[in-house]
Amino acid sequence: MSIVIHHNPHCGTSRNVLAIIEASGETPVVIDYLKTGWTRPQLLGLFAAAGLTPRSALRTTKSPAEELGLLDPSVDDETLLAAMLEHPVLVNRPIVCAPKGVRLCRPSETVLELLDHLPPGPMSKEDGTLLIDADGQRVG
């Protein structure tokens, strides 16, 4: 099984995760979910595998969540799921599927748990935060 990343190329965290995966020697399947959208079974399957609920997977910043009234805790999961299907950007990202599991990779270093091999070091995020030192050891 190859690694799959549900990716938003406009998101720094998503770009960091993709770079980490590629630096580890993997060639992931990249799904630009803003273009392809989601299906209900797909989201339910991803959420179940990652231990998420629609509420915990809801992107609350840089999304229309507030304008759509989705931040109110009384909004139920079915309503959130329907909104996510209509507005794919409402799903927090990136979600990575790998043989070792499925995770919402926020922060981006969460993806390291899913990889068979760490990327060679040193490796930093876009913001300069060191992830892997010069000796190839995970930082933090």
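A nonpolar core is a set of buried Ala, Val, Leu, Ile, Met, Phe, Trp, Tyr and Cys residues joined through side-chain atoms within 4.5 Å. Buried means under 20% relative accessible area, with exposed over 50% and partly exposed in between (1.4 Å probe, protein chains only). The model is predicted: local features need pLDDT of at least 70, side-chain atom pairs count only at pLDDT 80 or more, and totals for chains, interfaces and linings use all residues. Residues are numbered from 1 along each chain as its sequence is written, and side-chain values use heavy atoms, with hydrogens and water left out.

**View 1. The largest nonpolar core.** This core has 22 residues. Phe47, Leu70 and Met84 have the most contacts inside it. Helix H3, helix H5 (77-86), strand E3 and strand E4 each give two or more residues. Helices (H or I, at least four residues) and strands (E, at least two) are DSSP runs, numbered from the N terminus. H5 gives the most, with four residues. Nonpolar side chains tend to be buried together in soluble globular proteins.

**View 2. The surroundings of Leu70.** Neighbours within four places in sequence are left aside here. Leu70 is then in contact (heavy atoms within 4.5 Å) with Arg55, Leu58, Ala65, Val75, Thr79, Leu80, Ala83 and Leu90.

**View 3. A second core.** A separate core holds 16 residues. Val17, Leu18, Ile20 and Leu114 are among them.

**View 4. The open sheet.** Four strands lie in the order E2-E1-E3-E4, with mixed pairing. Two strands pair if DSSP finds at least two bridges between them. E2 (29-32) and E4 (101-104) stand at the edges with a single partner strand each, so one side of each has no neighbour in the sheet. Neighbouring strands are turned by 15 degrees against each other on average, direction ignored. Axes are lines fitted to C-alpha atoms, for helices over the stretch in contact; angles run from 0 to 180 degrees between N-to-C directions.

**View 5. The E1-E3 pair and the helices on the sheet.** E1 (residues 4-7) and E3 (residues 95-98) pair in the antiparallel sense over three bridges. Val4 stands opposite Cys97 in E3. Helix H1 (residues 12-23) packs on the sheet and touches E1, E2 and E3. The direction of H1 makes about 160 degrees with that of E1. Helix H3 (residues 40-50) also packs on the sheet, touching E1, E3 and E4. The direction of H3 makes about 100 degrees with that of E4.
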